[in-house]
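Okay, everyone, let's get going.

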Amino acid sequence: MHRRVLAGLALALTLTAPAAVLAEARKPLYRDPVFDGAADVAIAWDRSDKLWRMFYTNRRATLKLDDPKDVAWLHATAIGVATSKDGLAWTYAGTASIPAACTGETLWAPEIFTENGVHHMFLTVVPGVFHRWNLPEAGAKIVHLTSTDLKAWTCADTLELGSDRVIDAGVIKAPQGGYRMWFKDERKDSRIFFADSPDLKTWTRQPGFVADFAGEGPKVFFFQGSWWMIADAWKGLAVLRSKDAVTWERQPGFILDKPGSQPTDRDLGHHPDVIVNDGRALLYYFVGQGKEEEARTDPVWNQRTVIQLGELQVKDGWLAVDREAVVKKGLKAPK
């Protein structure tokens, strides 16, 4: 058997072994044992199995292509799944059972919204495998699926959001009633827009973008008396604050914009999920591996990404995170 295959099997066996409950989070928190390209996580509580499930874009990061500009490794991606009892130790659990009938070959950036025992996944779907960015035929849409157990998913709707290239949904129950979704419109200079819905099925896009910066992966949550949005601005994570989840004030600068000192955490933070749990806000973000020692000898090591964990704090009215601090307290089962 080829040595690369043996190495991959060894890594898979190591990372798929049952995860013990840890006293603290490790770095990296999690890496995909098949392609080593976990990114864009969404985390939900599985009440039947009494554990947390992480869904993520399963980038094919170990794929070596002849053309260094070829982005096919970021396509033909399934949605990976990992499980945890405490949000600190994660075990690989294969890929999500997503119906091909309403999705496609390339799946990105799952978002999970749960209400009344039903899990709603809002999933970015790209129609095919493309070898370059921004090709005219390379559209993107957001598809709605539902599940009662986070395992079997059923097609619901394809969202009409006024553009043929929308990605990265973030969904909340709006404080004014109904539901609100934020998304990136690649046809509008990659600005973040939002839409409202009375029923999670029919969405009305609202005029104007949220803030004048390009970004993706908007995550909106309520914490310590304010609504917050964290979005990946590719310079670190942009932060916005709001009283009503409509009008936003931009926080100066970025968070996770300076590389950490610890191995696997030496680059910018990207596209996070935030879990508000037991009065705390845990930030699950991904980090590229291009600044690690392995990248000096492996020309595509920079394709690899891992998941890291930090705890958000409110300081002087704004969000902060210390990526060097060890997270010693995980997630509790929701009440």
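This is a predicted model: local features need pLDDT of at least 70, side-chain atom pairs count only at pLDDT 80 or more; totals for chains, interfaces and linings use all residues.

Most residues other than glycine have a negative phi. As for the surface, W234 has 37% relative accessibility, so W234 counts as partly exposed.

There's another residue of that kind to look at, N134. Phi of N134 is also near 65°, again positive and again not a glycine. N134 is in the loop between β6 (118-126) and β7. With 60% relative accessibility, N134 counts as exposed.

While we're on backbone geometry, have a look at the step from K27 to P28. That peptide bond is cis, with omega near -5°. Most peptide bonds are trans. P28 lies in the loop between α1 and β1.

I307 belongs to the largest nonpolar core, which has 23 residues. Among those with the most contacts inside this core are Y30, M54, Y56 and W90, along with I307 itself. Which elements give two or more residues to this core? They are β1 (38-46), β2 (51-58), β18 (280-288) and β19 (305-315). β1 gives the most, with 5 residues. In soluble globular proteins, nonpolar side chains tend to be buried together.

Now for the charged residues. The structure holds 28 salt bridges, and I've picked a few. First up, R304 and D36: their side chains meet at 2.8 Å, N to O. R304 is in the loop between β18 and β19 and D36 is in the loop between α1 and β1, so they're 268 residues apart, and this pair links distant parts of the chain. Buried or exposed, for R304 and D36? R304 is buried, and so is D36.

Next, go over to K151. The side chains of K151 and D46 form a salt bridge at 3.1 Å, N to O. D46 is in strand β1 and K151 is in the loop between β7 (141-147) and β8, so this pair ties together parts that are 105 residues apart in sequence. D46 is buried, with a relative accessible area of 2%, while K151, at 33% relative accessibility, counts as partly exposed. K151 has another salt bridge, to D49, at 3.0 Å, N to O. D49 is in the loop between β1 and β2, so here the pair ties together parts that are 102 residues apart in sequence. D49 counts as partly exposed, at 35% relative accessibility. Salt bridges with shared partners join D46, D49, R53 and K151 into one network.

The nearest side chain of opposite charge is R31, and R31 is 8.8 Å away. What the side chain of D32 does reach is the backbone nitrogen of F35, at 2.7 Å.

You'll find D185 in strand β10 (residues 179-185), and at 1% relative accessibility, D185 counts as buried. A polar contact of 2.9 Å joins the side chains of D185 and R205. Not counting residues up to four places away in sequence, D185 touches S163, R165, V166, S190, R191 and F193 too.

Last stop, the cysteines. How many disulfides does a search of the whole structure find? It finds 1. This disulfide joins C102 to C155, with S to S at 2.1 Å. C102 is in the loop between β4 (91-95) and β5 (106-115), C155 is in strand β8 (residues 154-158), and they're 53 residues apart. The torsion about the S-S bond is about -85°, so the disulfide is left-handed. C102 counts as buried, at 15% relative accessibility, whereas C155 counts as partly exposed, at 32%.

Notes. Residues are numbered from 1 along each chain as its sequence is written. Side-chain values use heavy atoms; hydrogens and water are left out. A nonpolar core is a set of buried Ala, Val, Leu, Ile, Met, Phe, Trp, Tyr and Cys residues joined through side-chain atoms within 4.5 Å. Buried means under 20% relative accessible area, exposed over 50%, partly exposed in between (1.4 Å probe, protein chains only). Helices (H or I, at least four residues) and strands (E, at least two) are DSSP runs, numbered from the N terminus. A disulfide is a pair of cysteine sulfur atoms within 2.5 Å. Lys and Arg count as positive and Asp and Glu as negative; His and the chain ends are not counted. A salt bridge is a side-chain nitrogen of Lys or Arg within 4 Å of a carboxyl oxygen of Asp or Glu. A polar contact is a pair of N or O atoms within 3.5 Å; within protein, one must be able to donate a hydrogen and the other to accept it, and residues adjacent in sequence count only if both atoms are side-chain atoms. Contact means heavy atoms within 4.5 Å.
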